[in-house]
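Here are a few friendly notes to read alongside the model. They cover one hairpin and some of the aromatic rings.

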Amino acid sequence: MSVNSRKDFIEGMRAAWGPLTSELVAESRAQAERLLQASPSEPWLAELLQDRPANQELYRDLDHGFVLLAHTEHAGLYRPPHDHGRSWVIYAVLSGEMEMRTYARVDDPERGVRLVQRDSAIVRAGQVQVYLPGDIHDTRCVTEQAMQFRFTERDLRVEDLQEHRLTRYQQRNGVWMVGAK
């Protein structure tokens with residue numbers, strides 16, 4: 001019998017799908033952790049590991065809207081603080097290491113909106129990070145190369161480019177502030 005961890009992940013997510021709850025997040029995390037245990041000899045994963053694409057869509061669910069992507073990052077690649085609008089996201093690191101920091105948004109009447117760093121974690125191969133709607137985070141590849149799966153509740157290109165719901169931040173004089181949309 002052929003094993004296909006990607007298909008198992010998709011079927012598991014479809015079976016668990018529903019409104020955002022603690023139970024859905026826990027099941028989604030468990031599904032992502034199982035996906036990270038896929039054998040490199042599975043044809044879909046062997047091809048991915050050989051090609052190491054910067055960004056590749058692995059699955060788009062037409063009924064529920066969620067998307068599974070693969071990303072290969074290179075040393076020092078930094079994605080400044082951002083949120084994912086209404087969406088929640090799971091990062092699952094397949095190889096390498098990523099630094100992921102979280103921030104709180106502070107509304108200061110005198111200085112405007114700014115970010116305060118809350119936490120920093122090195123996410124290693126086999127580990128998963130979950131960000132819920134409104135969570136602000138950044139990512140940096142801290143090894144020569146890292147490959148990760150990114151599971152998004154919805155198509156973030158639509159959320160960003162069409163609906164303008166994602167917020168990005170930029171640093172000004174050492175302070176993270178709301179950047180251009």
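1. A word on terms first: two strands are said to pair if DSSP finds at least two bridges between them. Please keep in mind that this is a predicted model.

2. Strand β10 (residues 169-172) runs antiparallel to strand β11 (residues 175-178), and the two pair over 4 bridges. Within this pairing, Q170 sits opposite M177 of β11. The hairpin has 2 residues between its strands, and N173 adopts a positive phi near 50 degrees.

3. Now to the rings. How many aromatic pairs does the structure hold? There are 10 aromatic pairs. One of them joins W44 and F149 in a tilted arrangement, with 6.0 Å from centre to centre and 40 degrees between the planes. This pair links distant parts of the chain: W44 belongs to helix α3 (residues 43-51) and F149 to strand β9 (residues 145-152), 105 residues apart.

4. Are these two partners buried or exposed? W44 counts as buried, at 9% relative accessibility. F149 is also buried, with a relative accessibility of 2%.

5. A further pair is made by Y59 and F66: their ring centres are 6.0 Å apart and their planes meet at 45 degrees, so this pair is tilted. The cut-offs behind that word are simple, because planes under 30 degrees apart count as stacked and those over 60 as edge-to-face, with the rest tilted. Y59 is partly exposed, at 22% relative accessible area, whereas F66 is buried at 0% relative accessibility.

6. Finally, Y59 and F66 belong to a cluster linked by ring pairs, together with F9, W17, W88 and F151.

Notes: Residues are numbered from 1 along each chain as its sequence is written. This is a predicted model: local features need pLDDT of at least 70, side-chain atom pairs count only at pLDDT 80 or more; totals for chains, interfaces and linings use all residues. Side-chain values use heavy atoms; hydrogens and water are left out. Rings of Phe, Tyr and Trp (its six-membered ring) pair if their centres lie within 6.5 Å; planes under 30 degrees apart count as stacked, over 60 as edge-to-face and the rest as tilted. Buried means under 20% relative accessible area, exposed over 50%, partly exposed in between (1.4 Å probe, protein chains only).
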